[in-house]
Amino acid sequence: MAAACLEDPSLERHFKGHRDAVTSVDFSLNKKQLASGSMDSCLMIWSMRPQMRAYRFVGHKDAVMCVQFSPSGHLVASGSRDKTVRLWIPSVKGESTVFKAHTATVRSVHFSSDGQSLVTASDDKTVKVWTVHRQKFLFSLSQHINWVRCAKFVNHVDFHPSGTCIAAAGTDNTVKVWDVRMNRLLQHYQVHSAVVNSLSFHPSGNYLVTASNDSTLKILDLLEGRLLYTLHGHQGPATCVAFSRTGDLFASGGSDEQVMVWKTNFDAADYGDVLKTQKSGASVDGTHHSLQSEMDCGVHLKKTKTQDPGRNHQQQEEETIANTLEHIVGQLDVLTQTVSILEQRLTLTEDKLKECLENQQKIIQNKVN
């Protein structure tokens with residue numbers, strides 16, 4: 001078990017400084033700094049080096065809903081409930097530029113890969129694009145107004161590194177992975193007991209970390225389609241989570257006003273070895289149970305179940321069969337939803353065809369007249 005423990009995620013650092021729930025976290029590319037936004041209207045820049053002071057940036061008039069470092073790490077973007085976007089220089093001066101164009105809460109900020117553009121999304125049902133260098137508004141996208149309605153039941157979405165899939169965190173306690181090319185549901189996880197607030201893909205694309213109101217973080221193995229780890233640390237809802245660009249760290253924030261930095265560990269080991277070491281510490285549903293080490297801030301990783309060493313072979317077989325049947329039922333549910341999606345697409349195609357035929361008849365009638 002000692003070898004297996006080396007592959008468990010471990011709590012590296014925890015930061016206290018916010019005065020309200022943490023809403024968003026993001027690492028700089030070099031992992032020297034971590035940005036966090038909060039309902040306290042402040043943006044914090046934490047240094048990953050020991051004994052280095054944190055920067056508190058004040059400027060927003062309401063809750064900071066989202067933060068992101070630019071690819072170079074020289075700028076940090078934030079979006080707020082005060083309807084503005086700010087670009088900050090992450091230094092002691094805390095200088096910022098205000099972008100005003102949205103008419104409602106700004107929910108998302110994201111830099112382009114070259115760092116030259118910034119895209120923002122808002123409750124005003126628009127997506128806006130800005131130039132970073134000139135610090136000016138470029139244009140607005142508002143054609144997808146119906147898609148914004150998804151915000152009523154989806155809390156957070158993230159693109160798979162390949163760009164072909166997205167994961168959605170739902171208020172129905174579920175996590176779903178969709179193929180955006182075929183509009184097809186690929187995986188459906190029911191591992192949380194409360195609303196899922198945030199999620200993040202590992203850069204390899206093999207893992208997904210989620211944060212929930214049930215106070216836990218869950219790490220999902222997307223290759224095996226199962227729950228890999230359950231992490232307990234936050235006292236109250238876990239509100240946000242994000243992997244670093246290299247995937248060796250991930251950070252989480254909670255309503256307990258804390259920011260926690262975790263070392264991934266398991267992604268460094270050979271994938272086959274990870275599966276082997278888990279057999280001695282995993283229950284039938286794949287939840288890992290060797291996370292017992294006490295951390296420096298008094299937070300510890302709790303077991304979610306225990307394995308009874310005296311359980312006989314017959315009971316193990318029964319649980320395996322039950323788990324297999326549950327998996328089959330889950331796959332049937334996915335197939336049912338896929339068929340439903342195909343039926344909707346077929347209906348849409350038929351409607352379009354009917355509309356084309358009607359237009360063609362009108363054109364012929366007009367020519368005749």
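## Basis of the assignments

Strands are DSSP runs (E, at least two residues), as are helices (H or I, at least four), and both are numbered from the N terminus. Two strands pair if DSSP finds at least two bridges between them.

This is a predicted model, in which local features need pLDDT of at least 70 and side-chain atom pairs count only at pLDDT 80 or more, while totals for chains, interfaces and linings use all residues. Residues are numbered from 1 along each chain as its sequence is written, and side-chain values use heavy atoms, with hydrogens and water left out.

Buried denotes under 20% relative accessible area, exposed over 50%, and partly exposed in between (1.4 Å probe, protein chains only).

S23 and S24 run antiparallel and are joined by 5 bridges; Leu249 has Lys263 in S24 as its bridge partner. The two strands form a hairpin with 3 residues between them, and Glu257 in the turn has a positive phi of about 70 degrees. S24 also pairs in the antiparallel sense with strand S1 (residues 10-16), over 6 bridges. Opposite Gln258 in S24 stands Lys16.

Ser252 lies in strand S23 (residues 249-254) and is buried, with a relative accessible area of 0%. Its C-alpha atom is separated by 9.3 Å from that of Asp26, 226 residues apart along the chain.

Contact means heavy atoms within 4.5 Å. Not counting residues up to four places away in sequence, Ser252 touches several residues, including Val25, Leu217, His234 and Trp262.
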